[in-house]
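What follows is a short report for a reader who is meeting this structure for the first time.

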Amino acid sequence: MSSKPISVLITGANRGLGLEMVKQMVDTQSPLTPLSVLFACCRDPDGPRAEALQALAKMHKDTIKIIRMDTADRSSIKQSAEQVGSLLGENGLNLVINNAAILTHSTVADSTPETMAKDFNTNVIGPMSVIQEFLPYLRAAAKNSAEPGMSCRKAAVVNLSTILGSIELTSQSYENFSTLPYRVSKAALNMLITCAAVELKKDEILCTLLHPGWVRTDMGGANASIDAQESVQGMLKIMNSMTEKHNGVLLDYKGQSIPW
Ligand SMILES: NC(=O)c1ccc[n+]([C@@H]2O[C@H](COP(=O)([O-])OP(=O)(O)OC[C@H]3O[C@@H](n4cnc5c(N)ncnc54)[C@H](OP(=O)(O)O)[C@@H]3O)[C@@H](O)[C@H]2O)c1
């Protein structure tokens with residue numbers, strides 16, 4: 001039996017893991033297919049950093065819709081939601097992937113209120129605003145689905161977190177990765193999504209967190225251990241197998257649980 005096509009939205013889809021997700025999701029062999037529509041969001045669709053995404057969208061005109069969205073700007077998220085809403089049918093939006101984030105390198109000694117606020121705004125308030133603005137469409141997807149329980153095919157918000165947000169593991173990695181604003185913001189993201197998982201359970205919207213591994217992207221750097229292809233392959237496989245048992249969990253790209 002073939003599965004019902006799903007609608008997906010990815011933030012920060014113009015480079016790194018976001019772009020790789022778009023690439024793999026339009027491949028009909030990948031998990032989580034078929035797609036009815038993939039909203040690939042980025043803050044500057046006409047700029048040089050979106051060229052690869054534009055080229056991909058040209059090859060998959062019927063599926064990929066590029067949407068302007070700056071996740072650090074609430075009014076931009078609102079406008080994107082209005083645009084997406086006008087393109088969506090009554091079946092709503094099945095899957096939102098909060099991927100966009102920034103990483104500031106600074107320590108307890110030299111972080112400033114400005115660097116802390118900047119990472120917090122993009123990495124926490126951004127995903128919160130995305131959830132709020134797209135909630136009506138996620139609720140519509142859950143309501144219109146005939147599937148029991150929870151899944152990424154029905155209605156879900158998957159959030160890219162990191163092992164660096166783990167309070168329990170900080171003493172093992174802080175000296176090599178002294179990224180205070182990023183770590184604090186990702187620990188806060190973990191709490192945000194834990195709360196969302198409890199609050200949105202009644203709507204049957206799955207809310208979960210994934211650590212992609214240490215990946216060779218602009219953020220991860222050239223010395224990271226895996227490439228984006230391997231990371232995204234792993235994450236898509238996990239997303240495809242998620243059920244209500246995964247509501248509020250933090251897993252890595254291999255499906256291993258990460259301590260808070
Ligand atoms: N790479 C790793 O090793 C690693 C490890 C753990 C977790 N992660 C997480 O995985 C996710 C993706 O990371 P990545 O490695 O792909 O990072 P990346 O290569 O730095 O890409 C970040 C993406 O986020 C976008 N972005 C940043 N601020 C934005 C904003 N205000 N509005 C819209 N888009 C914005 C960027 O768009 P622009 O081109 O416009 O800047 C870019 O598309 C992040 O959540 C990150 O925390 C990554």
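## Cysteines, backbone and pockets

Cys195 is partly exposed, with a relative accessible area of 39%, where buried means under 20% relative accessible area, exposed over 50%, and partly exposed in between (1.4 Å probe, protein chains only). The model is a predicted one, in which local features need pLDDT of at least 70 and side-chain atom pairs count only at pLDDT 80 or more, while totals for chains, interfaces and linings use all residues. Residues are numbered from 1 along each chain as its sequence is written, and side-chain values use heavy atoms, with hydrogens and water left out.

A search of the whole structure for disulfides (pairs of cysteine sulfur atoms within 2.5 Å) finds 0. Cys41 is in no disulfide, and its nearest cysteine sulfur, that of Cys42, is 7.7 Å away; Cys41 is buried, at 1% relative accessibility. Cys195 is likewise in no disulfide, the nearest cysteine sulfur being that of Cys207, 11 Å away.

Most residues other than glycine have a negative phi, and most peptide bonds are trans. The bond that joins Thr33 and Pro34 is cis, with omega about -5°, and Pro34 is placed in the loop between helix 1 (16-25) and strand 2 (35-42). Helices (H or I, at least four residues) and strands (E, at least two) are DSSP runs, numbered from the N terminus. Leu32 also lies in the loop between helix 1 and strand 2, has a positive phi near 60°, and is buried, with a relative accessible area of 1%. Glu204, too, has a positive phi near 60°; this residue lies in the loop between helix 6 (180-199) and strand 6 (206-211) and is partly exposed at 33% relative accessibility.

Pockets are found on a 1 Å grid over the protein atoms alone, as open sets of points where a 1.4 Å probe fits, with protein on both sides within 12 Å along at least five of seven lines; lining residues have an atom within 4 Å of a point. Grid points are joined across faces, edges and corners, and a volume is the space filled by probe spheres set on the points.

| Largest | About 1100 Å³ | Asn99, Ala101, Ile102, Thr217 and Met219 |

Helix 1 gives the most to the lining of the largest pocket, with 3 residues, whereas in the second largest pocket the largest share, 3 residues, comes from strand 2.
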